[in-house]
Amino acid sequence: MRRTGIAITLAATALALAGCAALTRGGSGDGSGGDTSEGSTAKLGRQWIQVDQGKATPSPSVTFGKPGATPSTSISAPTPDPGCTKLWPRTDWRVLIPIEVTVGKGSVKVEWPAQFDSNYRVTAVPQQLVSGAQPEPVWKPVAAGTGCTVTTTITGLTSGAPYIVWLDAPNTGRAVDGTRHLYSGRSGVIYPK
């Protein structure tokens with residue numbers, strides 16, 4: 001084992017010294033193969049490192065999109081009954097059911113368009129920071145309405161405290177292509193009186 005180590009060390013030293021000797025005998029060190037004098041007939045090959053001169057990457061520039069029209073309030077989805085006259089503000093109609101919240105003393109009145117004869121549930125979720133596990137929201141069940149809109153009132157809220165009202169319509173079903181009909185809605189932050 002010791003002899004193998006000595007043999008490897010001697011071989012590495014010999015190769016290193018041979019390379020240094022080539023440079024000191026007039027080799028250019030450019031990889032062109034040692035002696036570059038006029039009488040040399042042997043060329044060992046081309047350089048093994050190729051460097052191509054490139055162009056600097058251009059500095060980034062600011063690009064602006066094209067201005068578009070700002071969406072305005074208009075009716076949302078078609079109403080289920082042509083006799084319905086209430087116009088609902090447009091929400092992201094593929095995701096949220098539009099809801100209207102009116103604050104009262106320690107309560108909120110919640111109103112939304114009837115959706116596919118579904119039953120509903122609503123809750124007012126407190127927005128104060130709570131460390132640790134969050135309290136489960138208390139859902140209020142609401143039966144499907146027969147008119148154009150469904151209305152309910154949530155009571156027992158703290159006056160002046162921030163809440164977000166959530167609406168869930170679990171049985172709205174699916175469209176012909178299999179996508180779900182609207183099944184949830186939410187308000188912005190509200191403060192009961």
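1. Among contacts in the protein between residues at least 6 apart in sequence, what percentage join residues at least 24 apart? The value is 59%, where contact means heavy atoms within 4.5 Å.

2. The model is predicted: local features need pLDDT of at least 70, side-chain atom pairs count only at pLDDT 80 or more, and totals for chains, interfaces and linings use all residues. Residues are numbered from 1 along each chain as its sequence is written, and side-chain values use heavy atoms, with hydrogens and water left out.

3. Helices (H or I, at least four residues) and strands (E, at least two) are DSSP runs numbered from the N terminus. Of the 193 residues in the protein, 24% are buried; buried stands for under 20% relative accessible area, exposed for over 50% and partly exposed for values in between, with a 1.4 Å probe and protein chains only.

4. An open sheet is formed by four strands in the order β4-β3-β6-β7, with antiparallel pairing; two strands pair if DSSP finds at least two bridges between them. The edges are taken by β4 (140-142) and β7 (184-190), each with a single partner strand, so one side of each has no neighbour in the sheet. From one strand to the next, the twist averages 20 degrees. Such angles run from 0 to 180 degrees between N-to-C directions, with axes being lines fitted to C-alpha atoms, for helices over the stretch in contact.

5. Within this sheet, β3 (residues 120-126) and β6 (residues 163-168) run antiparallel and are joined by six bridges. Val-122 lies opposite Leu-167 in β6, and Ala-124 lies opposite Val-165 in β6. Strand β6 is also joined to β7, by five bridges in the antiparallel sense, with Tyr-163 opposite Ile-190 in β7. Five of the six residues of β6 are buried.

6. Pro-162 belongs to the loop between β5 and β6 and is buried, at a relative accessible area of 18%. Its C-alpha atom is separated by 5.6 Å from that of Ile-190, 28 residues apart along the chain. With neighbours within four places in sequence left aside, Pro-162 is in contact with Val-125, Pro-126, Gln-127, Gln-128, Val-189, Ile-190 and Tyr-191.

7. A further antiparallel pairing joins β2 (residues 107-113) to β5 over six bridges, and Thr-149 in β5 is the bridge partner of Pro-113.

8. Of its 18 lining residues, the closest to the centre are Ala-124, Val-125, Pro-126, Pro-137 and Val-138. Two or more lining residues come from each of β3 and β5, and β3 gives the most, with five. The lining comprises 11 nonpolar, five polar and two charged residues.

9. On pocket terms: a pocket is an open set of points on a 1 Å grid over the protein atoms alone, with protein on both sides within 12 Å along at least five of seven lines, and lining residues have an atom within 4 Å of a point. Ala, Val, Leu, Ile, Met, Phe, Trp, Tyr, Cys and Pro count as nonpolar, Asp, Glu, Lys and Arg as charged, and the others, Gly among them, as polar.

Key:
On a 1 Å grid over the protein atoms alone, a cavity is a set of points where a 1.4 Å probe fits but cannot get out, and a pocket is an open set with protein on both sides within 12 Å along at least five of seven lines; lining residues have an atom within 4 Å of a point.
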